[in-house]
Amino acid sequence: MTVERNTRALEHDIVTDFSAKMNYGDYLDLNVLLSAQHPRTRPEHHDELLFIIQHQTTELWLKLVLHEIRAARAGFEADDPGVALKCIARVKQIQKSMTEQWSVLATLTPTEYAQFRHVLGSASGFQSHQYRALEFILGNKNAALLKVFASDPVAHDDLQTLLTEPSLYDAFWHHVSRSGFEVPQSTLDRDVTKAYVLDPDLIPLVKSIYLAPEKHWSIYETFEELVDLEENFQLWRFRHMRTVLRTIGTRKGTGGSSGVGFLQRALDLTFFPELFAVRTEIGV
């Protein structure tokens with residue numbers, strides 16, 4: 001066989017006949033995936049494809065994050081923190097990719113976005129079912145948001161289920177209780193359909209574990225993994241807010257929200273409040 005310069009020859013065992021075999025595109029269903037981008041501008045605006053793919057990619061990552069967080073919650077429920085921490089470690093790496101991805105969308109200038117923003121109509125990331133599902137399973141529950149998904153029974157039912165289920169943090173504290181620690185009853189018996197809020201009665205236990213990590217290493221390590229998880233989520237929220245500010249300034253969002261102001265207020269929401277509040281107590 002003659003091989004041209006700067007050309008790599010095919011190895012003898014590389015499969016080339018897929019008439020009766022599954023190939024890469026079949027396995028990934030690429031015919032469906034790569035045909036799911038439908039720009040609405042006519043004539044098609046060059047930058048609309050970027051906008052669509054950016055958000056579709058985010059939804060794919062969110063699907064995987066939810067898959068892992070559900071598995072982490074199941075790990076705590078089965079008193080297997082090793083499984084839970086493995087899943088959380090993977091989520092942390094996904095979060096880095098999701099946060100850095102905002103830098104791609106930030107290449108969209110205000111002038112470019114203004115030329116196709118009108119085709120979004122009332123569509124908005126605010127309506128992302130998976131983002132709401134992630135907030136719910138992490139503890140930021142809000143039953144009022146269910147009405148946004150009233151026209152989508154599958155999404156509505158998923159959120160309704162998550163609303164009534166324990167969050168990742170709830171599952172963790174029940175695991176801690178079963179491990180022999182005196183977790184306050186107020187934490188164990190809280191109404192899981194409500195957003196998690198700081199429980200002052202929990203602070204002494206959290207502080208005691210932080211002050212003696214060598215005695216309670218598994219719980220201590222989980223504290224820090226959860227802190228990482230929340231910090232990464234807040235960084236994602238911040239980059240989202242700054243990208244929106246960079247692109248549309250303080251204009252209202254397409255879905256009717258106040259835009260940047262609404263996103264800024266999200267930065268005050270917390271998933272694991274005791275793990276941050278305790279830092280004020282250490283050394284006192």
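Read along the sequence, this protein chain runs α-α-α-α-α-α-α-α-α-α-α-α-α-α. That comes to 14 helices and zero strands, where helices (H or I, at least four residues) and strands (E, at least two) are DSSP runs numbered from the N terminus. Keep in mind that this is a predicted model: local features need pLDDT of at least 70, side-chain atom pairs count only at pLDDT 80 or more, and totals for chains, interfaces and linings use all residues. Residues are numbered from 1 along each chain as its sequence is written, and side-chain values use heavy atoms, with hydrogens and water left out.

**The chain as a whole**

- Taken along the principal axes, the C-alpha atoms fill a box of roughly 70 × 55 × 40 Å.
- Of the 284 residues in the chain, 40% are buried; buried means under 20% relative accessible area, exposed means over 50%, and partly exposed is in between (1.4 Å probe, protein chains only).
- The chain exposes about 16,300 Å², and carbon and sulfur atoms supply 56% of that. Accessible areas come from the Shrake-Rupley method with a 1.4 Å probe, and for residues only the protein chains shown count as cover.
- Among contacts with a separation of 6 or more, 71% are between residues 24 or more positions apart; a contact means heavy atoms within 4.5 Å.

**The largest pocket**

- Rolling a probe the size of a water molecule over the atoms shows where empty space is left.
- The largest pocket has a volume of about 1,500 Å³. On a 1 Å grid over the protein atoms alone, a pocket is an open set of points with protein on both sides within 12 Å along at least five of seven lines, while a cavity is a set where a 1.4 Å probe fits but cannot get out; lining residues have an atom within 4 Å of a point. Grid points are joined across faces, edges and corners, and a volume is the space filled by probe spheres set on the points.
- This pocket is lined by 50 residues, and the closest to its centre are H55, S124, G125, F126 and Q127.
- The elements giving two or more residues to the pocket lining are α3 (48-77), α5 (102-105), α7 (129-138), α12 (217-248) and α13 (260-266). α3 gives the largest share, eight residues.
- By type, the pocket lining divides into 22 nonpolar, 19 polar and nine charged residues. Here Ala, Val, Leu, Ile, Met, Phe, Trp, Tyr, Cys and Pro count as nonpolar, Asp, Glu, Lys and Arg as charged, and the others, Gly among them, as polar.

**The cavity**

- Search the whole structure for cavities of 30 Å³ or more and you get one.
- About 100 Å³ of space lies in the largest cavity. Its lining has 13 residues, with Q95, M98, L134, F233 and W236 the closest to the centre.
- α3, α4, α7 and α12 each supply at least two residues of the cavity lining.
- That lining is made up of ten nonpolar residues, three polar and no charged.

**Helix α7 and E135**

- α7 is mostly covered, with nine of its ten residues buried. They are Q130, Y131, R132, A133, L134, E135, F136, I137 and L138.
- These buried residues pack against α3, α8 (153-164), α9 (168-178), α12 and α13.
- E135 sits in α7 and is buried, with a relative accessible area of 5%. Leaving aside neighbours within four places in sequence, E135 is in contact with N140, F233, R237 and F271.
- Just after α7, G139 takes a positive phi of about 120 degrees.

**Helix α3 and what follows**

- The 30 residues of α3 should span 44 Å at 1.5 Å a residue, and the end C-alpha atoms are 44 Å apart, which agrees. The expected span of a helix is 1.5 Å times one less than its number of residues.
- D79, in the loop between α3 and α4 (81-100), has a positive phi of about 55 degrees although it is not a glycine. D79 is partly exposed, with a relative accessible area of 38%.

**Other backbone spots to look at**

- A cis peptide bond joins R42 and P43, with omega about -5 degrees. P43 lies in the loop between α2 (30-33) and α3.
- N6, in the segment before α1 (24-28), also isn't a glycine, yet has a positive phi of about 60 degrees. N6 is exposed, with a relative accessible area of 84%.
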